[in-house]
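Biologist: I'm new to reading protein models. Could you walk me through a few features, giving the general idea and then the case here?

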Protein chains: 2
Amino acid sequence: MKDLKRTKIKHLLQENEVGQTVNIKGWVRTKRDSKNVVFIALNDGSVIHNMQVVADPNRFGEELFKSIHTGACLSVTGEITPSQGSGQKVELAAAQIEVLGTADPEQYPLQPKKHSLEFLREIAHLRPRTNTFSAILRVRHAMAYAVHKFFNDKGFFYLHTPIITGSDAEGAGEMFRVTTLDLHNLPKNEQGGIDFTQDFFEKETNLTVSGQLEGELGAMALSEIYTFGPTFRAENSNTTRHLAEFWMIEPEMAFYDINDNMDLAEEMLKYLVQYALDNCMEDLEFLNQRALEEEKNKKQEERSEMSLLERLRFVVENDFQRLTYTEAIDILKNSNHNKKKKFQFLIEAWGADLQSEHERYLVEKHFKKPVILTNYPKEIKSFYMRENEDGKTVAAMDILFPGIGEIVGGSQREERYEKLKQRVQEIGIKEEQVWWYLDTRKFGTAPHSGFGLGFERMILFITGMGNIRDVIPFPRTPGNAEF
Amino acid sequence: MKDLKRTKIKHLLQENEVGQTVNIKGWVRTKRDSKNVVFIALNDGSVIHNMQVVADPNRFGEELFKSIHTGACLSVTGEITPSQGSGQKVELAAAQIEVLGTADPEQYPLQPKKHSLEFLREIAHLRPRTNTFSAILRVRHAMAYAVHKFFNDKGFFYLHTPIITGSDAEGAGEMFRVTTLDLHNLPKNEQGGIDFTQDFFEKETNLTVSGQLEGELGAMALSEIYTFGPTFRAENSNTTRHLAEFWMIEPEMAFYDINDNMDLAEEMLKYLVQYALDNCMEDLEFLNQRALEEEKNKKQEERSEMSLLERLRFVVENDFQRLTYTEAIDILKNSNHNKKKKFQFLIEAWGADLQSEHERYLVEKHFKKPVILTNYPKEIKSFYMRENEDGKTVAAMDILFPGIGEIVGGSQREERYEKLKQRVQEIGIKEEQVWWYLDTRKFGTAPHSGFGLGFERMILFITGMGNIRDVIPFPRTPGNAEF
């Protein structure tokens, strides 16, 4: 019996195995003692629910149970029996219990009580053992898998774009330097500056802020590619929406115009939400309940009109609202919110950059659904976006989600060599940094488009969590690189 | 007809669409002119084969074809017809040709002739437009997808371990520093050293060399996890087997001993190879042919005994040879190779570290199949590997592949708190760097195992390529961080 292969608790709760003798292994969530029976809730991370282990203290002796506390790791063999209690259909009648690892209740930080999210961040190495974080990590896994499945099924190719880059052309924010130079003894060149030719890559290098430019190179050969990798921003932003290290999904497609681009992005977002509804319902139900309880602590006017599950279903069932930047400015300028000066930044004229408060107004107050904004003024957008016929806007598109803000940003790319070269010069990017990017417009150029999805923002939306630090296993933020 | 939706060439070559009018878009590989007919081989990256476009020069006028050269991007609409030629079943009778982008033959570097792999590395932004590199990138995509599918189907969870890390405990090699300090004006602390509390993370940080330690944290809550992310080594190794930036797959499993670990690794490798055989045969056939031609340039004794496809099938069909380090040392010590001093490093006694020449001898000469070596001397292995009962070996396992060498390295992890703590102290790792790692042994510890697969080494094996720089889109090596 000792060599019985372990069965996952997820399997036992799904299948009817009553009468079978099985072995389970996992971590103790709670233990309840009484004279004639001990109940142990064991969790192995395969599913949010615990297996209730029922043991007769007279059979095992009291000593054994004295060493079993919350957090201990057990191997339990026994028979699956119908449960007497109301919490579960089946339970495990223990015939053999082995303590694989103890957890001293005086020291183990995860006791069966409510811990704050802030405290759990400090013990990010243990928080996956809580219901909330194990649910988030399982959903995160399912979403990553769904991303790959969505693109693979469509014939896209996953392209690993470089993490260390010698170009800082994207200019999306401050970058982290990557170096092997000895900071205590920096080599000098003849001009008295730092001699970066002695650095590992013989020049200055940084961590990438986006795989887009290299992704376009792939699309201009393989037609449809996507990236899914870590990206970095060295911004000193201590908000609930920013991380210094986060994961991005960036598809790039030859022969797509801005409308094809929007269609793909909307289809992908709906696919991901539907995949979560189809494959993660137990975790989503738990997170839904969790969010409802959180809401109770909020003032009435700050509460969401929909529950988490309702929001997810709403996204799948409704078309996103598509409108131009110009139309959005009109709506915002004429809104009561603007007239009553409720915006921190009032909308006065065309050309204004939209702040998060404006995006939220459009999504949450005006349209009450996801919004795709297009055709922004070129001055407030990136150099690689395709200039429209009007000469003043670019074929950009941002997708705004309720509670999240911008979740996707994309554009049709400027495929015309002369136009792109001119923009590169206007912005002041050195051509030696982007010669390879310009080359794709010189040799066999084609209309093409792409977008970026911030993976953690998507997980925020799917899980209903409020802080981006809680949807990535080990968050990196200013001052935080523990674990 | 102009608004006809584009069809991928892969689809047209697979399905019988004779008689259909379709639109294709892609890049010109070759053009052959004659008085009454022009043949254009168009490739869109969806598949290795081209679609042959047949056009009547009298219908389109000669001017059009003067602007069409290798590398140009075209949109062609026409009827799918049975091909007259022998190279393909169907071809496209052009009714409408639009040049989306030209490619000046005086400037475009990818002309239809044989280019060296070295030259193609210098134009890595264009090399995906060659047969060889488009095949490699499609295979690479398929392998990445297969990795996710394999683990997802088994109930493993994909865990994103951090890229920027404050710990250098793994000690697998030299690391890249990550910093936002101004190197031209480094802040000093009171002792006159560099004040790293002013750096972004308020301490010294590096790029990760492995996600294993954090992966174990996930396994000790979710049971079975895997990572798949970039890892970094700042080693000055200019070999055909080393990159400064490469992708690793690192599963970690609670409740697995070293044998379960080997079983999983062997199953995974066979699954990946079988997936390639099932899903990438057209690309593999091309790469097989390519490798055969390469072989012709080699001396007889350096040629492989098997072709690429034979090697792939061999791996799927044969059990890997499992033996202990001690048994391997006996074989090597008594080999004719050792006696005739053909090894650069002669095997004299137990305890010697195995060099690549020894591994290749075992795999390619002695067993002629993949080999799993186990139970290495603890002195030559990492601190986290579980000490065996003999007190001198650890439960490590390395999988060695023909032509590749080590493709997988793993072990059962030391789960005993006191043993691990002792090793940490012996090696001289500071406890404040790994307190969180030790915590998992203190609270609910359990036997567990894991391994790492170098993704690019796997792609080398699957594609039969000889240089690791050719199986990643944009290789990073000493002095190279272009694109």
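Modeller: Let's begin with strand pairing. Strands of a sheet pair through backbone hydrogen bonds, either parallel or antiparallel. In this predicted model, strand S10 (residues 224–232) of chain B and S11(B) run antiparallel, joined by nine bridges. Strands here are DSSP runs of E with at least two residues, helices are runs of H or I with at least four, and both are numbered from the N terminus; two strands pair if DSSP finds at least two bridges between them.

Biologist: Which residue stands opposite Tyr226(B)?

Modeller: Pro251(B), in S11(B). Now widen the view: eight strands of chain B form an open sheet, ordered S6-S10-S11-S16-S15-S14-S13-S12, with mixed pairing. At its edges are strand S6 (157–158) and strand S12 (321–324) of chain B, each pairing on one side only.

Biologist: How should I read a salt bridge?

Modeller: Side chains of opposite charge can pair when their charged atoms come close. The rule used is a side-chain nitrogen of Lys or Arg within 4 Å of a carboxyl oxygen of Asp or Glu. Over all chains the count is 59. One of them links Arg413(B) and Glu252(B), whose closest N and O atoms are 2.5 Å apart. Arg413(B) belongs to strand S15 (residues 405–413) of chain B and Glu252(B) to strand S11 (residues 245–254) of chain B, so this pair ties together parts 161 residues apart in sequence.

Biologist: How many salt bridges are there between chain A and chain B?

Modeller: Four. Among them, Lys8(A) meets Glu224(B) at 2.4 Å, N to O. Helix H5 (residues 131–153) of chain A gives the most to the side of chain A that touches chain B, namely 10 residues.

Biologist: How many residues does each chain bring to the contact?

Modeller: Chain A brings 108 residues and chain B brings 108 residues, where contact means heavy atoms within 4.5 Å. Together the chains bury about 8,900 Å², 66% of it on carbon and sulfur atoms; buried area is the accessible area (1.4 Å probe) that two parts lose on being put together, summed over both.

Biologist: What about strands across the two chains?

Modeller: Strand S8 (residues 177–179) of chain A pairs with strand S8 (residues 177–179) of chain B in the antiparallel sense, over three bridges. There, Arg177(A) stands opposite Thr179(B).

Conventions: Residues are numbered from 1 along each chain as its sequence is written. Chains are lettered from A and ligands numbered from 1 in the order in which they are written. This is a predicted model: local features need pLDDT of at least 70, side-chain atom pairs count only at pLDDT 80 or more; totals for chains, interfaces and linings use all residues. Side-chain values use heavy atoms; hydrogens and water are left out.
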